[in-house]
There are 2 protein chains.
Amino acid sequence: MNVITSIKEMQQYSEKMRLSGHRIGVVPTMGYLHTGHLSLISLAKQNADIVITTVFVNPAQFSPEEDFEKYPRDVNRDVAMSESAGSDVVFTPSVNEMYNHNYLTYIHVENISSLLEGQFRQTHFRGVATVVAKLFNITKPHVAVFGQKDAQQAIVIKKIVKNLNYDIEIIVAPIVREANGLAMSSRNVYINNGEKDEVAVLYKSLKLAEGLVGEGENSVEVLRYKMKDLILSNPKFTLDYIAFSDESTLEDVETITDKPVLVSLAARFGKVRLIDNIIVSRI
Amino acid sequence: MNVITSIKEMQQYSEKMRLSGHRIGVVPTMGYLHTGHLSLISLAKQNADIVITTVFVNPAQFSPEEDFEKYPRDVNRDVAMSESAGSDVVFTPSVNEMYNHNYLTYIHVENISSLLEGQFRQTHFRGVATVVAKLFNITKPHVAVFGQKDAQQAIVIKKIVKNLNYDIEIIVAPIVREANGLAMSSRNVYINNGEKDEVAVLYKSLKLAEGLVGEGENSVEVLRYKMKDLILSNPKFTLDYIAFSDESTLEDVETITDKPVLVSLAARFGKVRLIDNIIVSRI
């Protein structure tokens, strides 16, 4: 496994690969890989000759009160796991390498960055947008794979690629879940095994909404009420939001029609913040 | 001459050229080319195999009260002139091709965008930064050439390239002037020939400062006073600013030392806004 920490070296590697006719896939991650990430790497490998997994805990997407310092890290484990899934290179730069002295440039996607997660994490998507643009310029991929778990992030990135004319194909891979339905997340290490069945109620609430839509319920008000009721029956939960949104503009939806609707939620289980989502529509 | 208007076609052309081992140079312009632009194209040709001249009057860098609508345009003339200077391709997309429906993504360079020109043109550098990033992603150059005439623009662009890790060499070409010293500018068409000697006083004021520094004057207060005095002796002028700034951070300088200082100014001659600059330092 080729582990690269220098931006210049990464660019030279990618340029060489492109010039020799190889198709490059990139999977940007914050490391502490889980089965969800491995599915992204496998998918990248199916769509490219060379897969670069980037492992970088990006300070620009954390706000001061968030868990940047304590975010779980284990690069050696990440290198081994990503290799097992088909990654050819791990690019893992230092914070200093990525944000050098007097760093001043940020990318902002208006409107969609300030909705949903953006209401609770003000500069989060500015940080995501900026680091993803940097990683694109550094790894020079033909294709990049992101997870549907971070649905809004995927929408923001697709918008950047379209608006800034990055000549890169974006693939969004389905959410990988544990047996009880809990969406895979590096932050799940904050939850002990005894609590995992409790937090699985988040997915159950999404499936509840899907089921009700299948039975003909099309009122977002009713659906949100029933999801809320289910989640908050456990007093350990507080809810940041349950949102029903247009799949590409993220505008609020009041009624379920035959257009796909993103149902997304963010909840706090004790101190742990969890997000999940599902796409629903009338058949 | 190859004239391309489609983003997709431009990307395919550049990708093909890169894969066949050609070095690509790009010269981004707003068209209505003059001798200054031609010097940029020649310089690009000296540093690349293929030169792409982009001709696009970028609405995002004009504020509503500025001259976007009446900005001079003549693409056929631009194609002929750029070819004469060594350009291989003119990329001239429509506004609609560049900023499609529901455009939301902007690049912002903090601090340096709000100084000097940024004080008078609030969203100007956001527009410049955004369109240049787009043009880089579309034309995929190895090297890009900009003019020192727009000194702050060149500084903003160098910052973007460094911060966002564009693998592109930036060359800043010296200002080309008319015989009387007036810096070449597409906006000079707004000035009639009888007035050209009057506006040449702007350059004279910069040369005055340079001369005084050569004689040992190092007080920015004194230098600014004498420049102001010279320019405002013609009542047709009003001054937006005369600034003495660190060449890379654009921070204000109070005393001339052996570090290069950017002396820049913006003035209005009647309704026409003109900028010019020079670099000075104690020898």
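How many cavities of 30 Å³ or more does a search of the whole structure find? I note before answering that this is a predicted model.

**Entry 1, the cavity.** I searched the whole structure and found one cavity of 30 Å³ or more. I then looked up the volume of the largest cavity, which is about 410 Å³. I count 21 residues in its lining, and those closest to its centre are A:Arg18, A:Lys140, B:Arg18, B:Asn137 and B:Lys140. Next I checked which elements give two or more residues to the lining: they are α1 (7–19) and α6 (124–139) of chain A, together with α1 (7–19) and α6 (124–139) of chain B. By kind, I sorted the lining residues into ten nonpolar, eight charged and three polar.

I superposed chain A on chain B, which takes a rotation of 180° with 0.0 Å of shift along the axis and gives an RMSD of 0.0 Å. The two copies are therefore related as by a two-fold rotation axis. I also compared the contact residues: 97% of those of chain A recur in chain B, so the same surface serves both copies.

I located A:Pro93 in the loop between β4 (89–91) and α4 (95–98) of chain A. Is A:Pro93 buried or exposed? I record A:Pro93 as buried, because its relative accessibility is 6%, and the cut-off for buried is under 20%. Leaving out residues up to four places away in sequence, I list A:Thr5, A:Val55, A:Phe56 and A:Met98 as touching A:Pro93. Last, I looked up A:Asn180, 87 residues from A:Pro93 along the chain; their C-alpha atoms are separated by 35 Å.

Definitions and conventions: Residues numbered from 1 in each chain as written. Chains lettered and ligands numbered in written order. Predicted model: local features only at pLDDT ≥ 70, side-chain atom pairs only at ≥ 80, totals over all residues. Heavy atoms only, no water. Least-squares fit on C-alpha atoms with pLDDT ≥ 70 in both. Contact = heavy atoms within 4.5 Å. 1 Å grid on protein atoms, 1.4 Å probe; cavity = no way out; pocket = protein on both sides within 12 Å on 5 of 7 lines; lining within 4 Å. Points joined across faces, edges and corners; volume = space filled by probe spheres on them. Helix = DSSP H or I, 4+ residues; strand = E, 2+ residues; numbered from the N terminus. Nonpolar A, V, L, I, M, F, W, Y, C, P; charged D, E, K, R; others polar. Buried < 20%, exposed > 50% of the residue type's maximum accessible area, 1.4 Å probe, protein only.
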